Amino acid sequence: MPAKQLKTFLDEAGVEYMCLSHPPAFTAQELAHHVRIAGDRVVKTVIIELDGKMAMLVMPATWRIRWDRLSKILDTDFVDLADEQAFQDRFPDCEVGAMPPFGHLFGMTVYCAESLTEQPELAFAAGSHTESIHMKTRDFLSLVQPMVINQGFTRPGARKPAWLVRRPCNTGNREETSTHAGY
């Protein structure tokens, strides 16, 4: 059964959702595999510390955080991954690592990757590693009312910007590559 607080909230809101049981999934990408949904439609929930306060960051399972970009878009000098010991008591009905993306139920601001808002439906951990909830994205957005951000993430396999790509300095002429400033 999903986390009691979440189930009660969804039932009282009158939104349609489906709860699925599946083999244990300890990452959002494992969840995507078990329920046979594209990783772009599965929510990865990450608890961050933002200027000394806990917040929730939700993004596609296939994406990763770019801390430098996230700090810039959130206009803060300090953003970091929160320590599990520091937040596990906020999620009493949830297994660690299976927190649903409803941070407002747990006293946290929710920041949502814009790309999730473009999906028709979303799936996410329902408080345990063996259950997930599937619901329409518009219902999720209406209930959570997250702050939608469009930077701070990277998608594995995405092309790196030209300035970040290493180029070999191989001119074929040994003398050109040797002795500058004694090196």
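Start by selecting T137, which sits in helix 6, a helix covering residues 137–144. Keep in mind as you look around that this is a predicted model.

Is T137 buried or exposed? With a relative accessible area of 2%, T137 is buried, because anything under 20% counts as buried. Now show what surrounds T137: setting aside neighbours within four places in sequence, T137 is in contact with L116, T117, Q119, P120, E121 and L122.

Next, bring up the largest nonpolar core, a group of 29 residues.

Zoom in on L6. Apart from neighbours within four places in sequence, L6 is in contact with P100, F102, L105, F124 and I133.

There is also a second, separate core to visit, with 15 residues that include A55, W63, V79 and F153. Select A55, and you will be in strand 3. A55 counts as buried, at 2% relative accessibility. Leaving out neighbours within four places in sequence, the contacts of A55 are V46, I47, I48, M108, T109 and Y111.

How far apart are A55 and V79 in space? The C-alpha to C-alpha distance is 9.8 Å, while the two residues are 24 apart in sequence.

Methods:
Residues are numbered from 1 along each chain as its sequence is written. This is a predicted model: local features need pLDDT of at least 70, side-chain atom pairs count only at pLDDT 80 or more; totals for chains, interfaces and linings use all residues. Side-chain values use heavy atoms; hydrogens and water are left out. Helices (H or I, at least four residues) and strands (E, at least two) are DSSP runs, numbered from the N terminus. Buried means under 20% relative accessible area, exposed over 50%, partly exposed in between (1.4 Å probe, protein chains only). Contact means heavy atoms within 4.5 Å. A nonpolar core is a set of buried Ala, Val, Leu, Ile, Met, Phe, Trp, Tyr and Cys residues joined through side-chain atoms within 4.5 Å.
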